[in-house]
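Me: Please take a close look at one part of this model and describe its surroundings in a single connected account. I would like each term to come with the cut-offs behind it.

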Amino acid sequence: MGKTSAAVKNRYAAKAYDRITTLVKKGEKEKIKAHAEKLGKSLNAYVNDLIKEDIERS
């Protein structure tokens with residue numbers, strides 16, 4: 001990916017998405033990512049699905 005392409009994608013992402021940062025203890029990210037992959041999801045999709053499910057239950 002070239003510099004221009006990355007800049008365009010970053011501008012689009014900034015317009016279209018909000019960013020949430022979370023911190024986990026060392027090693028936890030890989031555990032969570034592995035679990036997401038077992039479910040056939042990306043780490044991002046897994047976290048988003050968990051948040052949506054929790055909101056729907058409330």
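**One residue and its surroundings**

Reply: N48 counts as partly exposed because its relative accessibility is 32%, where buried means under 20% relative accessible area, exposed means over 50%, and partly exposed lies in between (1.4 Å probe, protein chains only). Residues are numbered from 1 along each chain as its sequence is written, and side-chain values use heavy atoms, with hydrogens and water left out. The model is predicted, and local features accordingly need pLDDT of at least 70 and side-chain atom pairs count only at pLDDT 80 or more, whereas totals for chains, interfaces and linings use all residues.

N48 sits in helix 3, where helices (H or I, at least four residues) and strands (E, at least two) are DSSP runs numbered from the N terminus. From N48 to K3 there are 45 residues in sequence and 29 Å in space, C-alpha to C-alpha.

The largest pocket holds about 600 Å³ of space. Among the 16 residues that line it, I20, T22, N44, V47 and N48 are the closest to its centre. Helix 1 (3-16), helix 2 and helix 3 are the elements that give two or more residues to this lining, and helix 3 gives the most, with five residues. On a 1 Å grid over the protein atoms alone, a pocket is an open set of points where a 1.4 Å probe fits, with protein on both sides within 12 Å along at least five of seven lines, and a lining residue has an atom within 4 Å of a point. Grid points are joined across faces, edges and corners, and the volume is the space filled by probe spheres set on the points. By class, the lining has nine nonpolar, four polar and three charged residues; here Ala, Val, Leu, Ile, Met, Phe, Trp, Tyr, Cys and Pro count as nonpolar, Asp, Glu, Lys and Arg as charged, and the others, Gly among them, as polar.

V47, one of the residues closest to the pocket centre, also belongs to a nonpolar surface patch with I51 and I55, the three together having about 260 Å² of accessible area. Patches are made of residues with over 30% relative accessible area and no salt bridge, nonpolar side chains (Val, Leu, Ile, Met, Phe, Trp, Tyr) being joined within 5 Å and like charges within 9 Å, and accessible areas come from the Shrake-Rupley method with a 1.4 Å probe, for which only the protein chains shown count as cover for residues. I55 lies in helix 3 (residues 43-57) and counts as exposed because its relative accessibility is 58%.

Charged pairs complete the picture. Side chains of opposite charge can pair when their charged atoms come close. The whole structure has three salt bridges, each being a side-chain nitrogen of Lys or Arg within 4 Å of a carboxyl oxygen of Asp or Glu. R57 and D54 form one of them, at 3.4 Å from N to O, and both residues lie in helix 3, three residues apart, about one turn of the helix. R57 is exposed at 64% relative accessibility, while D54 is partly exposed at 41%. D49 pairs with K41, their closest N and O atoms being 2.7 Å apart; D49 has a relative accessible area of 24% and is therefore partly exposed, and K41 falls in that class with 27%.
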